[in-house]
Amino acid sequence: MKIQGRMFIWLSVFILVMAIVYGYWSKEPAGTTALFLAFGLSIMIGFYLGFTARRVDAGAQDNKEADVADDVGEVGFFSPHSWQPLSLAVGGALAFLSVAIGWWLMYFSAPLILIGLWGWVFEYYRGENRTQ
């Protein structure tokens with residue numbers, strides 16, 4: 001993870017330089033703001049990866065002499081079946097659609113989003129998946 005953190009830090013430096021140059025030459029606020037926001041997002045990801053790399057064991061990607069087979073094994077736990085992302089996607093799509101159509105549509109999307117969030121957070125606290 002150390003390599004990925006450095007890559008994002010260097011990417012954020014590049015984006016910052018380009019945001020300054022773009023803002024100076026174009027004097028256009030929307031694109032300049034977007035570039036500064038991209039800089040902020042990139043620096044957050046780079047800081048997180050660098051911060052996490054100090055707390056976990058070095059992976060095979062951090063060793064220059066490593067082979068691809070050195071990084072085999074379990075990556076993490078991923079839910080094999082969950083309907084909650086579908087509810088969140090439909091609710092989010094309706095919420096964004098409410099900006100174009102009318103704010104009244106938010107009354108229908110908010111319960112879908114809340115149900116999806118609630119179900120996703122507490123998915124493994126009850127029912128058949130409780131022991132996982």
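I started with helix α4, where Ser109, Gly116 and Gly119 are buried; buried means under 20% relative accessible area, exposed over 50%, and partly exposed in between (1.4 Å probe, protein chains only). These three cover an arc of only 100 degrees around the axis, so they sit on the same side of α4. The arc is that of the directions from the helix axis to the C-beta atoms. On the face of α4 turned away from its buried side I found the exposed residues Tyr107, Leu114, Trp118 and Val121.

I noted that this is a predicted model, in which local features need pLDDT of at least 70 and side-chain atom pairs count only at pLDDT 80 or more, while totals for chains, interfaces and linings use all residues. Residues are numbered from 1 along each chain as its sequence is written, and side-chain values use heavy atoms, with hydrogens and water left out.

Next I looked up α1 (residues 2-26) and α2 (residues 29-53), whose axes come within 8 Å and cross at roughly 165 degrees. That makes α1 roughly antiparallel to α2 (angles over 145 degrees count as roughly antiparallel, under 35 as roughly parallel, 65 to 115 as roughly perpendicular and the rest as oblique). By class, the contact of α1 with α2 has 18 nonpolar, ten polar and one charged residues; Gly counts as polar here.

Last, I checked valine 56, which lies in the loop between α2 and α3 (84-101). Valine 56 is partly exposed, with a relative accessible area of 38%.

How values were computed:
Axes fitted to C-alpha atoms, helices over the stretch in contact; angles between N-to-C directions. Helix = DSSP H or I, 4+ residues; strand = E, 2+ residues; numbered from the N terminus.
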